[in-house]
Amino acid sequence: MKFVTSFALLGLLAICTLASSKSIDIDYTRVKSIEEYDRYWRRLPAEMQYLRTAGEPLRRITNGQLAGTAQFPYQAVIYSEAGDGYYSLCGGTILTNNYILTAAHCVTNDLDQAVTGGIVILGATNRDVFQSTQQRMTFGMAGIRVHPQYDSNSIRNDIATIRLDTPAVYNTYVKAIDLPALSDTRQFGGAEGTASGFGRTSDTSAPSSVLMYVRNPIMTNAQCNLYWSTTVVQAQNVCFDPTGGRSACHGDSGGPLTVVDAGRTLQIGIASFVSANGCTSGAPSVWVRISYFRDWIRQNSDYVFRA
């Protein structure tokens, strides 16, 4: 039996001085890993419950590189309210100056309902300090759109958009991502993919303070299902080759998988899940396929797709 676990990981919340100059004080004693919540484990079948006390698997962008300033201007950091003063850490991408694209599991609670709100940081290469490149703004429950068929048990339709309370301002460090055009039917198997995020960089460390990235080929779904199965990886998914131990991992949820196409960076995936055996277990990481959800994205944001 193969079991999957989401990339989402509760992480340290940075000093939250927003673009509006409003400050938010965080009690860091109330920030903890999602693995400490029963809701994280209750999805496991009985024979897998031993993983509660087993040694922690690798949780990191493995063999990754440090991102340069403005290298990934579309990258977003999302802190969602997890209840009782706790926050969860996820990634996302800038769709427009009003909307962020992320995974549904990043902005939902135990009942798969939208959380009460949170904070988004744009233009960051270090999320733990306030950099002059950063823009920080809030979002509320009313601004969260979760796919109506999202199912946390099967991890189907793991996609959501967030409307920012304050529009982002585009500049060198903050720019929107491009998505595949409506007429683009490519599956991108064999193309070089790039994953980026603030996931853990070692087994025992907290999620990364700095933005990291890794490159490897995009897999065809047929190749991916040599490990997974058509029950787990379907047309709505795309996979990232784990060769060489290079992988995205916990803490990178909701973040982008991109390819470069004729000089244009296209987001083709949203970080969704990995094997519970660990990110370097040899199992491909699995992502939400953007092209499968173009109609939904268009209906739940103000993004305008190229024809």
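Reader: How many helices and strands does the secondary structure of the protein come to?
Author: The protein has 307 residues, of which buried residues make up 56%. Its secondary structure, as assigned in this predicted model, comes to 3 helices and 17 strands.

Reader: Among contacts between residues at least 6 apart in sequence, what percentage join residues at least 24 apart?
Author: The count takes in contacts in the protein between residues at least 6 apart in sequence. Of these, the share that joins residues at least 24 apart is 72%.

Reader: Are the residues on the two faces of strand β7 buried or exposed?
Author: In a regular strand, side chains alternate between the two faces of the sheet. In β7, which spans residues 99–102, Tyr99 and Leu101 lie on one side, while Ile100 and Thr102 lie on the other. Both faces are covered, and these four residues, Tyr99, Leu101, Ile100 and Thr102, are all buried.

Reader: Which residue of β7 is the bridge partner of Thr93?
Author: Strand β6, residues 86–94, pairs with β7 in the antiparallel sense over 2 bridges, and a hairpin of 4 residues joins β6 to β7. Within this pairing, the β7 residue that partners Thr93 is Leu101.

Reader: Which residue in β11 stands opposite Leu101?
Author: β7 also pairs with strand β11, residues 160–163, and this pairing is antiparallel, over 4 bridges. Leu101, which is buried and is the bridge partner of Thr93, stands opposite a residue in β11, namely Thr161.

Conventions:
Residues are numbered from 1 along each chain as its sequence is written. This is a predicted model: local features need pLDDT of at least 70, side-chain atom pairs count only at pLDDT 80 or more; totals for chains, interfaces and linings use all residues. Side-chain values use heavy atoms; hydrogens and water are left out. Buried means under 20% relative accessible area, exposed over 50%, partly exposed in between (1.4 Å probe, protein chains only). Contact means heavy atoms within 4.5 Å. Two strands pair if DSSP finds at least two bridges between them.
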